[in-house]
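Let's take a walk through a protein model together. Keep the sequence and the 3D view side by side as you read.

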Amino acid sequence: MNTWKTLYLKEVKENRTLFIFLLASTACLQMVALLSFDEGQVVPSPHFLWSFLPYGSFLILPFLLSHSFAQELKGQTHYLLLSLPVSRTQIFAAKVAAVVTLSTLLFILNTAGLSMVFIGLQNLAARGLGLQASLPTVDLWVLASMFYVSAMAVMLGIASGIVGLKLVVRRFSGLAATAFAIFVLYFYFSTLADVLALPAVLGTYEASVWIDSTNPDMVLRMGEPKPIVVNFMFVAHSLVVGLAAMGIGMWLFEKRAEA
Amino acid sequence: MIAVENLWKRYRGATALGGISLTVEKGRVLGILGENGSGKSTLFKILAGVAHASEGQVTISGQPVGVETRRITSYLPETNPFYDWMGVIEQLEFLASFYPGWDMAKSRQLLDLMNIDSDRKVGTLSDGQRARLKVVAAFSRSSQLVLMDEPLGRIDPPSRKRILQILLNEFRFGEQTILISTHLVSEVEELIEDVTFLRSGEIALSGNAEELRQNRGMSLSDIFEEVVE
């Protein structure tokens with residue numbers, strides 16, 4: 001077995017309880033959302049909104065990375081890790097890969113659940129009770145992928161950068177971490193408009209995802225009944241910013257990590 | 001085998017190693033003796049590649065410390081570096097996948113010798129058993145250099161000398177160079193061939209153990225008290 005794979009599997013096994021918990025929680029939320037539909041229903045139950053909640057994992061998951069490094073220090077297992085005949089970058093990459101694996105599994109499970117919820121909403125709309133919806137499954141997957149990948153890239157970059165930064169800044173490390181996160185987010189959003197103004201060399205995607213109601217008992221609106229055009233430069237920009245921040249973290253870890 | 005030249009290590013203003021120079025020939029057993037805080041562990045960390053030198057040069061088999069030297073070095077840190085959630089065999093197999101020369105049959109033999117139940121999780125082992133597991137990990141492969149940082153600390157006193165003797169006589173791979181750091185001088189006195197006494201991050205005395213004993217007419221324990229304390 002190659003060394004990278006061994007490190008990666010160690011990370012997955014070490015965090016398996018959390019992995020299972022998060023996947024099971026996501027599955028439960030999707031079940032609650034799906035069970036909110038029934039045969040004689042006129043108005044969708046608000047419980048279907050639970051289906052969107054697990055996407056919030058992009059705010060938490062990257063910090064699993066910081067937690068993982070902190071656990072190594074706490075358990076003093078970093079002595080073993082750092083003495084292995086592998087580069088520090090490989091150790092770091094294995095931890096990042098474990099987080100990416102979990103977030104990918106969560107994303108797939110969640111979007112599959114949401115697809116079924118959308119089918120339920122479309123079935124309701126088909127009864128002609130005042131609910132109108134355009135919820136193509138392909139559009140859902142493409143849009144969700146673009147936004148989730150972008151958000152994860154930036155957040156994972158921030159978390160990685162913080163791991164590296166904490167090796168350099170010993171005093172006020174919390175303050176330095178916050179400043180770094182604010183800086184990356186500021187840079188990301190302040191340059192986003194300029195990037196999107198550039199020619200869409202990577203292409204665009206036109207999606208039509210919306211829900212509207214004319215029934216006064218049913219206050220529900222999501223999106224506009226017109227196509228959404230998403231520029232792939234948005235994803236590229238997020239990946240570039242995220243990878244740059246991650247690069248800083250990895251470089252600092254390679255140069256400064258020690259027991 | 002090991003060449004250390006003007007090695008400095010500073011931690012936020014405090015000097016752990018103050019410009020030490022040292023050479024160790026291949027196949028020797030060297031004792032690094034000093035009180036707590038004398039810089040023994042710091043020196044071992046740098047040799048093992050888990051800490052960076054602030055200044056100076058360190059080479060092992062002619063190569064600067066890095067991935068290649070870590071491949072030929074077995075390091076037993078003073079702390080317990082194992083994952084509590086892993087089983088004993090799982091932990092050894094994890095390590096084995098990084099070192100081509102790992103001998104799993106030897107691991108099992110050593111586990112028997114050290115009286116460690118291989119079916120248990122690392123987290124359920126006592127401190128003493130974990131210390132013995134470090135020894136198993138260090139001697140299960142044909143590394144060229146073994147760094148044992150306070151290897152006896154958590155092992156029960158009656159077994160210490162016996163374990164070290166068996167390891168060096170029966171489980172040593174060929175001409176392994178072995179560095180043992182300790183402040184329990186009497187327990188390694190008969191095993192070490194060369195000795196370096198560290199005091200406040202500097203070398204206080206260094207030489208062949210037998211010659212030092214003869215020249216000074218006293219045991220290493222007595223020299224330790226005279227030189228270091």
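W50(A) counts as partly exposed because its relative accessibility is 40%; the label partly exposed lies between buried (under 20% relative accessible area) and exposed (over 50%), with a 1.4 Å probe and protein chains only. You can find W50(A) in the loop between α2 (16-35) and α3 (57-60) of chain A. Helices here are DSSP runs of H or I with at least four residues, strands are runs of E with at least two, and both are numbered from the N terminus. Together with V32(A) and L53(A), W50(A) makes a nonpolar surface patch of about 280 Å². Such a patch joins nonpolar side chains (Val, Leu, Ile, Met, Phe, Trp, Tyr) within 5 Å, using residues with over 30% relative accessible area and no salt bridge.

A word on the ground rules: this is a predicted model, where local features need pLDDT of at least 70 and side-chain atom pairs count only at pLDDT 80 or more, while totals for chains, interfaces and linings use all residues. Residues are numbered from 1 along each chain as its sequence is written, chains are lettered from A and ligands numbered from 1 in the order in which they are written, and side-chain values use heavy atoms, without hydrogens and water.

Now step back to see chain A as a whole. Its secondary structure comes to 9 helices and 4 strands, and from the N terminus the order is α-α-α-α-α-α-β-α-α-β-β-β-α. The C-alpha trace of chain A spans about 65 × 45 × 35 Å along its principal axes. Of the 259 residues in chain A, 48% are buried.

Next, look at where chain A meets chain B. The contact (heavy atoms within 4.5 Å) takes 29 residues from chain A and 28 residues from chain B. About 2400 Å² is buried between the two chains, and carbon and sulfur atoms give 61% of that area; buried area is the accessible area (1.4 Å probe) that two parts lose on being put together, summed over both. Y83(B), W85(B) and F98(B) supply 26% of the area that chain B buries against chain A, more than any other three residues.

Charged partners meet here too. The rule finds 2 salt bridges across this interface, each a side-chain nitrogen of Lys or Arg within 4 Å of a carboxyl oxygen of Asp or Glu. One of the salt bridges joins the side chains of E90(B) and K13(A), at 3.6 Å from N to O.

Note on methods: Patch = residues over 30% accessible without salt bridge, like charges linked within 9 Å, V, L, I, M, F, W, Y side chains within 5 Å. Areas by Shrake-Rupley, 256 points an atom, 1.4 Å probe, with all protein chains shown as cover.
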